[in-house]
Amino acid sequence: MTMNNIEQIVSDALSKINSAAIAELEALKAEYLGKSGVITQILKSLSQYSIEEKKRIGAEANKAKSGIESALEKRFAALEKARVDEKLAKEKIDFSQAFYFPFAKGSLHPVMQAINDISRIFKALGFSVAEGPEIETDWYNFEALNIPASHPARDTQDTFYLDGMKNLLRTHTSPGQIHVMEKQKPPVKVIVPGRVYRNEASDASHSSIFHQVEGLAVDENITFADLKSTLASFVHQYFGSGLDIRFRPSHFQFTEPSAEMDMQCFFCKGKGCRVCKNSGWIETLGCGMVHPNVFRSVKYDPEKYTGFAFGMGLERITMLKYGIDDIRLFYENDLRFLKQF
C-alpha cells in the first residue's frame, strides 16, 4: 500500500460524499469506515509491513479516516440544514396578509408628547425627572411651600379636599420639590411633571384636571442669572432659536423674588398677532428664587444654599406650540383632533 493509493482513496471518497444525498451517507460511511470498509482493511493489513512502513501507512490511514469522518459530518449537517430551511420556508406565514387591522396606528397623546419632549430637554441640561403623589397632605401642598392656613393664596387654588380636609388632590406639582428635597441633600436639579386638580369650571382656557411641570435647582451660589439661562435654553430648544424672553416682577408665596417669564411670540416674531393679542409677547411660566422658608421646611440651610424654581402648564405650552385655542380638545378624545399628532 502506497501513499498515492491512500490519497486516491480519500479523493474518491470526498467526491462521492460531497455529491451524495442524505440517504446515501450511511452507505458511504460503511463503504470506507465500516468493519469491512476500505480504510478499516488498510489498518488491519498493517501487520504484513515492516515497522517503518507500519508507522507511515498507519499515520496516513488514520489521517484519511479522520478526513472522511469530518466530510461525512459536514455533508450531513449541510443537507439537514437545507432540509429544515426548505420545510420552514413552506410553513412560513405572512402575518401582514393573514391579519388585517383596519384602523390607523395609535400615537402618543399631545400632552404626553410634550412631557417627553420637555423631559428630554431638561435631562440634557442636567436635570433628573421625578414623580410625586397626586393625593397630598395639606403640609406638602401648602404649608411646606410657605402658604399657611390663613393665607389668601389658598383661595386662588380652588382645592378638592378629601377625608374631611385632611388630604387633598394636589393643586400644583410644586409639592414634588418638597418630597425630593426631603430625600436628597444639595445639589438638586429635578423636574416633576404630572397631573393636577383645581375645583373650577371648564372653559376654553380652564380645566379641573390638567398637567404641570415643576422645575427645581438647589446648590451653593445659584443665582437668578442661572434661572434665566436655563429657561432661555428651554425656550430656544422647544419653540425655536432666536426668540427673545423677558421677565416681569410677580409674586408667588414659595419664591422670592418671583417673576413671570414671557417669550417673544413665535407666530409673528414680536410684530403682534391674534395669538399674542398684538403685544408681541406670550406669557409662558412662573418662576423665582426659592423662598428661605421653603428651605427651612426641608431642613436646608438658607444661609448656605440658594435655588430657583419654575412651573408651567403643559396644556398651555402645547396649545402655544401647536396653535390650539381650546383646552377641552385635549380630553374629548376626538380622533379628528388627535390624528394631527
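Reader: How much of the protein is buried?

Author: Buried means under 20% relative accessible area, exposed means over 50%, and partly exposed lies in between (1.4 Å probe, protein chains only). Here, 42% of the 341 residues count as buried. Keep in mind that this is a predicted model: local features need pLDDT of at least 70, side-chain atom pairs count only at pLDDT 80 or more, and totals for chains, interfaces and linings use all residues. Residues are numbered from 1 along each chain as its sequence is written, and side-chain values use heavy atoms, with hydrogens and water left out.

Reader: What is the radius of gyration of the protein?

Author: That one is taken over C-alpha atoms, and the globule rule is 2.2 Å times the number of residues to the power 0.38. A compact globule of 341 residues would come out near 20 Å, but this protein has 39 Å. Its C-alpha trace spans about 115 × 55 × 50 Å along the principal axes.

Reader: How many helices and strands are there?

Author: Helices (H or I, at least four residues) and strands (E, at least two) are DSSP runs, numbered from the N terminus. You'll find twelve helices and ten strands.

Reader: And in what order do the strands of the open sheet sit?

Author: Strands of a sheet pair through backbone hydrogen bonds, either parallel or antiparallel. Two strands pair if DSSP finds at least two bridges between them. In this case seven strands make an open sheet with mixed pairing, in the order β1-β5-β6-β10-β9-β8-β7. Its edges are β1 (128–129) and β7 (245–252), each pairing on one side only.

Reader: How do β9 and β10 run?

Author: Antiparallel: four bridges link β9 (residues 281–290) with β10 (residues 306–313). Look for G288, which stands opposite A309 in β10.
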